[in-house]
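Hi everyone, thanks for coming. I'd like to walk you through a structure that may be new to you, so please have a look at it with me.

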Amino acid sequence: MKYKKVPAKYIKTESDKQAIIDGCYFDDSEPKKVKGYIEKFLCNSKGDERGTTITLLDWQYEEVILPLYGWRKANGKMRFKECQLWIPKKNGKSFLCSALASYHLAKEKGGEIYCIAGTEKQAKIVYNESANQVNLNPILKKNMRCTRSSKTIENEANGTKFTTLSSTPSQTQGYDANLVICDEIASWGAHHRDIWENVSKANMSRIEKNQVGLIFVASTAQFDTSHLGFELFSYMKEIIAGSKVDTTVLPIVYALDLDEDWTDEKNWAKVNPGIGHTVGIEFFREEFAKAKNLPNAESGFRTLNLNQFYGSAKNWISTTLWQSCFEEYTEEDFRGEPCIISIDASRKHDLTCVMLTFKRGDLIYSVPRFYSVRAYAMQKAKLDSIPYLAWEKQGLITLCDDSTVDFADVRAQIIQDCKDFDVLEIRYDPYALQETVKILEQEFGLNVVEVNQSPSVMSAPTAFLEQLITAKKVRHNNNPILNYCLSNVAIKTDNQERIMLDKTKSKGRIDGISALVQGLTYWHTEDLTEDLPIFFFLS
C-alpha cells in the first residue's frame with residue numbers, strides 16, 4: 001500500500017524529515033513481498049528445527065525490512081542505497097543477511113550479489129547457510145545451482161549469481177553489484193579501508209542505471225577504535241541523533257550507550273532483541289558472571305554482547321571513559337582564545353604531534369596536529385594496518401616526502417597558530433627540537449618553554465590527565481589518530497609510586513597523548529584540580 005503521507009513511526013530522524021521534503025514517500029508493498037518470500041521459501045537450517053518454516057522476528061521486519069524497502073524516492077526507486085545494522089552477536093543477524101541475499105537472488109534479472117566476510121572461514125559459514133536454505137526447499141533447489149568450490153549460488157532461471165568473498169582487496173575489485181552484504185565489517189582485516197572503497201564503487205553503475213544498488217552492512221562492535229568499523233558505527237549514531245543528515249543511509253543501531261548501566265539485565269534486553277528467540281537470558285547471565293570475575297572478560301562482554309566499542313581491558317584508560325569526553329567542535333571555535341601549544345617530536349620518521357589546548361571554565365579542549373613521513377606511513381599501513389594514508393585523505397595528518405619530518409612545515413603552522421590564537425606558551429620535549437626552538441625564539445620572539453621529562457615533572461600532569469578524563473573535564477573531537485595513540489599507552493611507576501607514559505612498553509605510537517600531557521604541565525594548577533576525584537587505572 002502506498003501512503004500519501006509517511007506514517008509517523010517511520011519518521012525517526014532529521015534525515016527522514018529531509019527525505020519527505022525531497023519528495024520521498026512510503027509504500028509497504030515490497031516489504032510484504034520480502035516477508036512473504038522469506039517465510040514461504042526459507043527454513044531453519046540448524047538443530048531440532050531444521051527444515052521448519054521461518055517466522056521473521058518483529059525487529060527483523062519492523063526495524064529493517066519495512067523501512068529499508070518501504071521508503072521510496074519520488075521516482076518510485078528505493079530511497080536507501082545503504083543500510084547499516086549494528087547489533088550484538090546471537091540476535092539473528094547472519095540469517096537476515098542470508099535471507100536478503102536469497103530474496104534478491106530470486107528477484108533480480110542478470111544480477112550480481114556479493115557477501116564479503118572478514119575471513120575465508122567466515123565467508124564459508126555465510127555460504128553454507130545460504131546453500132542450506134536452497135537445498136532445504138525443493139523449488140529453490142530446482143532453480144538454483146550451488147557450487148561449494150567457488151562459494152557461489154546461481155539462479156539459472158533469471159541469471160542472477162550470489163558469491164561470498166573474504167575481505168581482501170584483490171577479491172573485491174571490479175564488481176557491478178545489485179547487493180553487497182558486508183558481514184562483520186568491524187572485523188575486516190588489514191585492508192579494510194581499501195575494501196570499503198571498492199564496495200562503495202561496486203553498486204554505483206547500477207544506481208546510475210536506475211537499478212537496485214544496495215550495500216547492507218551487518219556487524220557487531222569490536223575492540224579497535226582506529227578501525228573503519230568504529231567510524232561507520234559513530235556515523236550511524238550521528239544520523240540517529242540528528243547531528244548528521246544523510247537521506248541515503250538507513251542507520252539501525254542496537255548498542256548500549258557508554259554511560260548506561262551495563263550490569264542491568266533490562267539494558268541487556270534493550271539492545272538484544274533476539275533474547276527469548278535466538279538466545280536465552282541464561283547465556284547472558286553466564287557471560288556476565290565471567291565478566292565480573294575475570295577482568296579481561298568485561299571488555300568482551302560489553303563489546304560483543306552489548307555492542308559497545310569498549311576497547312581492551314588492558315588499556316590505561318578504557319575506550320568507554322575516553323569516549324565519554326567526546327564533544328563535536330573544530331579549531332575555528334577557539335579563534336583568539338588563550339592557548340598552549342605543546343610538541344612531541346619524532347625521533348626520525350615516525351610520528352610528531354603538535355597539540356593545542358584551550359581552557360574554558362574547568363574544561364580542557366584538545367586540538368591535535370600530526371606529522372609523519374610518507375614512506376613510514378606506507379610501511380605501517382602495509383605491515384600493521386595503521387591507516388595513515390586514509391588519515392591523510394581526511395586532512396588529519398601531514399605526510400612529508402623526505403626521509404624525516406620537515407620541521408619547517410611544523411614551524412610554519414605554529415607561527416600561523418600564533419596569529420590565529422592567543423598563544424601563551426609553546427612547551428616542548430627537547431629531543432630533536434633544538435633548531436626549531438632557536439628559530440621560534442630568536443626569529444619570531446615566541447615564548448618557548450622546555451619541559452623536563454623526569455618523573456618529578458611528568459608524573460603530576462599524567463595523573464592529572466587521568467583525573468580530567470574520569471571527571472569528564474577534558475574534551476576531544478574523536479580524532480582517530482589521537483584515539484589510536486590513547487589505545488597504545490602503557491604506564492610505568494617508579495619506587496615513589498609516580499606514574500609516567502612508557503613509550504618503550506606501549507604497543508604503538510603514543511605521541512598525541514604525550515603532547516597532551518606536555519600541555520597539561522601548564523594547565524595543572526591547584527584551582528583546577530581541587531574538586532576532581534583521583535582515580536588510577538593501572539594494571
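Let's start with tryptophan 391 and tyrosine 484, which are both buried. Keep in mind that we're looking at a predicted model. How many aromatic pairs does the structure hold? There are 26 aromatic pairs. One of them is formed by tyrosine 329 and tyrosine 365, arranged edge-to-face, with 5.3 Å centre to centre and 80 degrees between the planes. Tyrosine 329 sits in the loop between α13 and β12, while tyrosine 365 belongs to strand β14, so this pair ties together parts that are 36 residues apart in sequence. Tyrosine 329 and tyrosine 365 are buried.

Back to tryptophan 391 and tyrosine 484: their rings form a tilted aromatic pair, 5.9 Å centre to centre, with 50 degrees between the planes. This pair links distant parts of the chain, since tryptophan 391 is in helix α15 and tyrosine 484 is in helix α19, 93 residues apart.

Now over to helix α14, which covers residues 374-384. Which of its residues are buried? They are Tyr376, Ala377 and Lys380. These cover an arc of only 100 degrees around the axis, which puts them on the same side of α14. On the face turned away from the buried side, you'll find the exposed residues Ala375 and Lys382. After α14 comes serine 385, with a positive phi near 60 degrees.

Technical notes
Residues are numbered from 1 along each chain as its sequence is written. This is a predicted model: local features need pLDDT of at least 70, side-chain atom pairs count only at pLDDT 80 or more; totals for chains, interfaces and linings use all residues. Side-chain values use heavy atoms; hydrogens and water are left out. Buried means under 20% relative accessible area, exposed over 50%, partly exposed in between (1.4 Å probe, protein chains only). Helices (H or I, at least four residues) and strands (E, at least two) are DSSP runs, numbered from the N terminus. The arc is that of the directions from the helix axis to the C-beta atoms. Rings of Phe, Tyr and Trp (its six-membered ring) pair if their centres lie within 6.5 Å; planes under 30 degrees apart count as stacked, over 60 as edge-to-face and the rest as tilted.
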